Amino acid sequence: MSEPQSAAAVGSPRAADPHADDVRRAVDVLRRGGLIGLPTETVYGLGADAGNPTAVARIFAAKGRPADHPLIVHLHRASQLTDWARDVPLAAWKLAEAFWPGPLTMILPRSPGVLDAVTGGLDTVALRVPAHPLAQQVLEQFDGGIAAPSANRHKQISPTTVQDVREELGAAVDLLLDGGPCRVGIESTIVDLSNDGIRILRPGSITAQDLTRVTGLAVDDSIDALVRCPGRMASHYAPRARVVLASIEQVPQAIAEAAARGARVGVLAAQRSPAWSPDVPWLALGNVPDEQAQQLYQRLREADRIGLDVLIAVPPSDAGVGRALRDRLWRAAGLGDAPA
Ligand code: TXA
Ligand code: MG
């Protein structure tokens, strides 16, 4: 199908359940092996039937993603865990109880029936129960697993609005569900429970402290753990503009250097400083960590929309979701892992 059909936005003034038709159509597309743009509370996903190898292959083709980068399987509820994973440890059930539906992905030993195309041939599978009401409705009616990476082209910024998905992958998607802007705004926390203990492979809004509080276990969130996640690259989540990291004090110098090379430069920071020329565009990141997460990818896209060559980014503090924001900014700058 060439042009994606766009389903109505959340809150549109239709009858009792404004989304009933959209949900039915999405389930129909999935059953026929098609691709849907699926809103989740983190970022939009590019969803296909996780049990259909042809449909899963279409995801990789649409994204331009290497075949050995495994996908997350989205489920309706925690009780489906044992359909997809074996040897589920007690800690996984506790985390599911505390955080699902929500922005947590668990890596567990896979059940024999899970497709190699989904796991990239690994002996583990990534599972998540998303909280967005539209995703929940689609998953409930579909009653199977939906394989869904973020709905961006390989290495690009994850989409947090339906317009972003349309721009990135519109032509490849058979049906685009409009769930409004994503509430969390960055991808889920990924935790590996397939060996003894708990390791964070990708930081997100659920932090190491949250995981320890619920399980009573120590959590490894060292850089060493972060690099073990296949498909996470030193350069990722990057806009076209070159991202340069700077402390707030270093910003005037960084502006001067970029301007001297004739680059169009802007600054991404929580605050604007009187030390910068008013001609330099300021992309405001907000002061509250959750807002910063919600806005980060929109601001990176804005940098490209206004034609910046260089974006000077002042990373937020390391506390809470700040760890995840620093991780994304380091990768946007092509620097790999953010130091703790
Ligand atoms: O918030 C999210 O997690 C979003 C929404 C759509 O759910 N999805 C998402 O998917 O970010 P994706 O494919 O863009 O990122 C998933 C990451 C990849 O880096 C992949 O390598 C890793 O999860 N992953 C998947 N299966 C894995 C496995 N078995 N072991 C280790 N890492 C795995
Ligand atoms: Mg992604």
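1. A word on terms before anything else: contact here means heavy atoms within 4.5 Å. With that in hand, look at Q294, which touches C182, R183, V184 and G185 once residues up to four places away in sequence are set aside. Bear in mind throughout that this is a predicted model.

2. Staying with Q294: this residue is found in helix 11. Its relative accessibility is 35%, so Q294 counts as partly exposed. R183, one of the residues Q294 touches, is 111 residues away along the chain, yet the C-alpha atoms of the two are separated by 6.3 Å.

3. Helix 11 (residues 289–305) packs with helix 12 (residues 322–332) at an angle of about 25 degrees, and their axes are 10 Å apart. Angles under 35 degrees count as roughly parallel, and therefore helix 11 and helix 12 are roughly parallel to each other. The crossing of helix 11 past helix 12 is left-handed.

4. Which residues of helix 11 and helix 12 meet? From helix 11 come P289, Q292, A293, L296 and Y297, and from helix 12 come L325, R328 and L329. Sorted by type, the residues of this contact give 6 nonpolar, 1 polar and 1 charged.

5. If you want a pair to find on screen, V244 has I312 in strand 15 as its bridge partner.

6. Elsewhere in the chain, strand 3 is worth a look. How many of the residues of strand 3 are buried? The count is 5 of its 5 residues, so to speak a mostly covered strand. Strand 2 and strand 3 run antiparallel and are joined by 3 bridges, with G37 partnered by L46 in strand 3. The hairpin that joins strand 2 to strand 3 goes through 6 residues. Strand 3 also pairs with strand 7, again in the antiparallel sense, over 2 bridges, and there A48 stands opposite A147 in strand 7.

7. Just after helix 6 comes D143, which takes a positive phi of about 60 degrees.

8. Last, a loop residue. T207 sits in the loop between strand 10 (198–202) and helix 8 (208–215). Is T207 buried or exposed? Buried means under 20% relative accessible area, and T207 has 12% relative accessibility, so it counts as buried. Leaving out residues up to four places away in sequence, T207 touches I200, G320 and V321.

Conventions: Residues numbered from 1 in each chain as written. Chains lettered and ligands numbered in written order. Predicted model: local features only at pLDDT ≥ 70, side-chain atom pairs only at ≥ 80, totals over all residues. Heavy atoms only, no water. Axes fitted to C-alpha atoms, helices over the stretch in contact; angles between N-to-C directions. Helix = DSSP H or I, 4+ residues; strand = E, 2+ residues; numbered from the N terminus. Parallel < 35°, antiparallel > 145°, perpendicular 65-115°, else oblique. Left-handed = near helix turned anticlockwise from the far one by under 90°. Nonpolar A, V, L, I, M, F, W, Y, C, P; charged D, E, K, R; others polar. Buried < 20%, exposed > 50% of the residue type's maximum accessible area, 1.4 Å probe, protein only. Pairing = 2+ DSSP bridges.
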